[in-house]
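Q: Hi! Could you walk me through this one while I have the viewer open?

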Amino acid sequence: MVAGPNDANHLFVIDGQFDASLTVGSQGTNFAVAKETFGVLLGPSSLIDSSFEQLPQPSIAKTQMFSTAPGAFSGTWDIIDVDADWDDESEQVELRIEAQVSCSGSNLSASINGFAFHVTILAALPAG
């Protein structure tokens, strides 16, 4: 059951950062790409249910590119999708960030090593 704005009695603003590891490596002129979804539970564990006043706002916090060969190379770091939803099992909000990293070049690796986020949760908490 999701609380509507009229049922909510608490507003949580959560700003945070978590470490993650998404790495890809390329050889020669090959293009390499890796994609993964990362999740984190947010908010107090006493939430009854929740709805969101706004979408979560993630950003990539840590990146790295490493090359052992001279010459031209390229890499990209992208957030593909973001979602925050109620998790029945934990009774918390789960933030999910789908990210992708790619690179092209001789002996090149690129990685995402962390994410920052801002989530606003409009929630109903039990009385008392």
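Predicted model: local features only at pLDDT ≥ 70, side-chain atom pairs only at ≥ 80, totals over all residues.

Q: Great, sheet first. What is the order of the strands in the open sheet of three strands?
A: The order is β2-β6-β5, and the pairing is antiparallel.

Q: Which strands stand at the edges?
A: Those are β2 (31-42) and β5 (74-87). Each has a single partner strand, so one side of each is left without a neighbour in the sheet.

Q: And by how many degrees are neighbouring strands turned against each other?
A: On average by 15 degrees, with direction ignored.

Q: How many bridges join β2 to β6?
A: Twelve, and the two strands run antiparallel, with β6 covering residues 92-104.

Q: Which residue in β6 stands opposite Gly39?
A: That would be Arg96.

Q: OK, switching to aromatics. How many aromatic pairs are there in the whole structure?
A: A search finds three. One of them is Phe18 with Phe117, a tilted pair at 6.2 Å centre to centre and 45 degrees between the planes.

Q: Where in the chain do those two sit?
A: Phe18 is in strand β1 and Phe117 is in strand β7 (residues 108-124), so the pair links distant parts of the chain, 99 residues apart.

Q: Are Phe18 and Phe117 buried or exposed?
A: Both Phe18 and Phe117 are buried.

Q: What about the rings of Phe38 and Phe115?
A: Their centres are 5.5 Å apart and their planes are at 45 degrees, so this pair is tilted.

Q: Buried or exposed, for Phe38 and for Phe115?
A: Phe38 is buried, with a relative accessible area of 11%. Phe115 is buried too, at 0%.

Q: Which residues do the ring pairs link into a cluster?
A: Phe18, Phe38, Phe115 and Phe117.

Q: Last topic, Ser26. Where is Ser26 placed?
A: Ser26 is in strand β1, which spans residues 10-26.

Q: Why does Ser26 count as buried?
A: Because its relative accessibility is 2%, and the cut-off for buried is under 20%.

Q: What lies 2.8 Å from a polar atom of its side chain?
A: The backbone oxygen of Gly105.

Q: And which residues is Ser26 in contact with, leaving aside neighbours within four places in sequence?
A: Ser26 touches Ala32, along with Cys103, Ser104, Gly105, Ser106, Asn107 and Leu108.

Methods: Residues numbered from 1 in each chain as written. Heavy atoms only, no water. Helix = DSSP H or I, 4+ residues; strand = E, 2+ residues; numbered from the N terminus. Buried < 20%, exposed > 50% of the residue type's maximum accessible area, 1.4 Å probe, protein only. Polar contact = N/O pair within 3.5 Å; in protein donor to acceptor, adjacent residues only side chain to side chain. Contact = heavy atoms within 4.5 Å. Pairing = 2+ DSSP bridges. Axes fitted to C-alpha atoms, helices over the stretch in contact; angles between N-to-C directions. Phe/Tyr/Trp six-rings, centres within 6.5 Å; stacked < 30°, edge-to-face > 60°.
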